Amino acid sequence: MSAEEFALRVLVATLCGVLLGYERAQSHKNTGMRTLGLVGLGAGLLPAALQHAGASYDSTARVIQGLLAGIGFLGAGVILHGRGDDRPHGLTTAAAVWITSILGVVAGIGQIGPALAVAVLAFVILWLGARVDRAIEARSADKPARRARAPDPRDRD
């Protein structure tokens with residue numbers, strides 16, 4: 001692999017993270033462009049460097065497996081419980097960390113087109129999904145709570 005190909009792989013991996021981080025920052029989340037850019041950079045750098053150094057497919061695959069298992073700890077760190085309710089918070093950002101690492105690996109092994117296409121798709125999911133979630137929540141808040149209907153004695157099994 002040439003130095004230019006190496007640099008392109010790492011750059012695309014980083015840009016995928018920055019793109020998803022931009023959406024997280026726009027949504028006022030703690031994990032933004034810097035964090036996800038670094039996740040993409042690291043996840044892309046590792047397989048690209050191994051391939052550049054002539055590592056075997058098996059050793060590269062094992063390193064990627066460890067990378068993707070380890071990234072779960074970073075994702076778990078953004079999931080919070082206990083904001084006054086029992087719902088976990090940060091799951092979407094944790095998923096963004098996870099997909100960013102995968103995009104970095106995909107770019108790092110040289111699959112530039114698929115990495116960019118999926119990064120755009122992930123951005124659209126995050127961006128559009130947030131708007132749909134807010135619309136559903138607003139609509140649910142506007143509806144009066146339904147009262148339970150008393151059982152009808154004629155309704156027998």
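Predicted model: local features only at pLDDT ≥ 70, side-chain atom pairs only at ≥ 80, totals over all residues.
**A tour from the α1/α4 pair**

Select α1 and α4: their axes come within 8 Å of each other and cross at roughly 165°. Axes here are lines fitted to C-alpha atoms, for helices over the stretch in contact, with angles running from 0 to 180 degrees between N-to-C directions.

Residues are numbered from 1 along each chain as its sequence is written, and side-chain values use heavy atoms, with hydrogens and water left out.

Next, show the side chains between the two helices. From α1, select Arg-9, Val-12, Ala-13, Cys-16, Gly-17, Leu-20 and Arg-24; they meet a set in α4 that includes Thr-93, Ala-96, Ile-99, Leu-103 and Ala-107. Contact means heavy atoms within 4.5 Å. By class, the contact of α1 with α4 has 8 nonpolar, 6 polar and 2 charged residues (Ala, Val, Leu, Ile, Met, Phe, Trp, Tyr, Cys and Pro count as nonpolar, Asp, Glu, Lys and Arg as charged, and the others, Gly among them, as polar).

Now pick Thr-93, which lies in helix α4, residues 91-108. Is Thr-93 buried or exposed? Thr-93 is buried, at a relative accessible area of 6% (buried means under 20%, exposed over 50%, partly exposed in between, with a 1.4 Å probe and protein chains only). Beyond its neighbours within four places in sequence, Thr-93 is in contact with Arg-24, Lys-29, Thr-31 and Val-78.

Move to the largest nonpolar core, which has 17 residues; such a core is a set of buried Ala, Val, Leu, Ile, Met, Phe, Trp, Tyr and Cys residues joined through side-chain atoms within 4.5 Å. Val-12, Cys-16, Leu-20, Leu-36, Leu-103, Ala-107 and Ala-115 touch the most other members. At least two residues each come from α1 (3-26), α2 (33-52), α4 and α5 (112-142), with the largest share, 6 residues, from α5. Within this region, select Cys-16: leaving out residues up to four places away in sequence, Cys-16 touches Leu-103, Ala-115, Leu-116 and Ala-119.

Finally, zoom out. The chain has 5 helices and 0 strands (DSSP runs numbered from the N terminus, helices being H or I of at least four residues and strands E of at least two). Of its 157 residues, 29% count as buried.
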